[in-house]
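Subject: Structure handover and notes

Hello,

Here is the structure for your files. My notes on what was found in it follow below.

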Amino acid sequence: MKESIENIKIMCVDCSKTRKEKMQEELRNLHIPLSSLVGKFVKKGFIDSQNITDHMWVKIDGITDTGKLTGVLNNDPMIITSLQNGDRVEVDITEIEQVL
């Protein structure tokens, strides 16, 4: 999905970290099974070679044998040039910043 530049917001590093910490606490406390995330969108921060993070949505469609979530990138990256909308990616549960 091609995003309008007006939809792009910059989030301070501390706010992003706080949001991720709250989500991780919620996932731990609720004991949410990985299988319940299949079919949902999760947000993950992808880090480039200069340590800049591009926060993007991934539609989860499976789980690997090693317990990682798999899915399809559902954003047009603004920073990470090695990824494209529709690319297959893995998400570790510890990388989840938000769930829709």
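Two strands are taken to pair if DSSP finds at least two bridges between them. Helices (H or I, at least four residues) and strands (E, at least two) are DSSP runs, numbered from the N terminus. This is a predicted model, in which local features need pLDDT of at least 70 and side-chain atom pairs count only at pLDDT 80 or more, while totals for chains, interfaces and linings use all residues. Residues are numbered from 1 along each chain as its sequence is written, and side-chain values use heavy atoms, with hydrogens and water left out.

Overall content

The protein has one helix and five strands, and along the sequence they follow the pattern α-β-β-β-β-β. Of the 100 residues in the protein, 29% are buried; buried means under 20% relative accessible area, exposed over 50%, and partly exposed in between (1.4 Å probe, protein chains only). Contact means heavy atoms within 4.5 Å. Among contacts between residues at least 6 apart in sequence, 49% join residues at least 24 apart.

The sheet

The five strands form an open sheet in the order E4-E3-E2-E1-E5, with antiparallel pairing. E4 and strand E5 (96-99) are the edge strands, and each pairs on one side only. From one strand to the next, the twist averages 45°; axes are lines fitted to C-alpha atoms, for helices over the stretch in contact, and angles run from 0 to 180 degrees between N-to-C directions.

Strand E1 (residues 41-47) and strand E2 (residues 53-63) run antiparallel and are joined by seven bridges. Gly45 has His55 as its bridge partner in E2, and Ile47 has Thr53. The hairpin of E1 and E2 has five residues between the strands, and Asn51 takes a positive phi near 65° there. E1 is mostly covered, with five of its seven residues buried. E1 is also joined to E5 by three bridges, again antiparallel; here Lys44 has Ile96 as its bridge partner in E5.

E2 pairs with E3 in the antiparallel sense over five bridges, and Val58 stands opposite Leu73 in E3. The hairpin of E2 and E3 has five residues between the strands, and in it Gly67 takes a positive phi near 85°. E3 and E4 run antiparallel and are joined by four bridges, with Gly71 opposite Val89 in E4.

Four of the five residues of E3 are buried, so this strand is largely enclosed by the rest of the structure. Thr70 is in strand E3 and counts as buried at 14% relative accessibility. Leaving aside neighbours within four places in sequence, Thr70 is in contact with residues including Lys59, Ile60, Asp61, Arg88 and Val89.

Salt bridges

How many salt bridges does a search of the whole structure find? The search finds two, a salt bridge being a side-chain nitrogen of Lys or Arg within 4 Å of a carboxyl oxygen of Asp or Glu.

One of them is between Lys44 and Glu95, whose closest N and O atoms are 3.4 Å apart. Lys44 lies in strand E1 and Glu95 in the loop between E4 and E5, so the pair ties together parts that are 51 residues apart in sequence. Lys44 is buried, with a relative accessible area of 10%, whereas Glu95 is partly exposed at 27% relative accessibility.

Asp61 forms a salt bridge with Arg88, and here the closest N and O atoms are 2.8 Å apart. This pair links distant parts of the chain, with Asp61 in strand E2 and Arg88 in strand E4, 27 residues apart. Asp61 is partly exposed, with a relative accessible area of 41%.

Surface

The protein exposes about 6600 Å², of which carbon and sulfur atoms supply 52%; accessible areas come from the Shrake-Rupley method with a 1.4 Å probe, and for residues only the protein chains shown count as cover. Ile52, Met78 and Ile79 form a nonpolar patch on the surface, with about 240 Å² of accessible area together. Patches are made of residues with over 30% relative accessible area and no salt bridge, where like charges are joined within 9 Å and nonpolar side chains (Val, Leu, Ile, Met, Phe, Trp, Tyr) within 5 Å. Met78 is in the loop between strand E3 (69-73) and strand E4 (88-91) and is partly exposed, with a relative accessible area of 45%.

Regards
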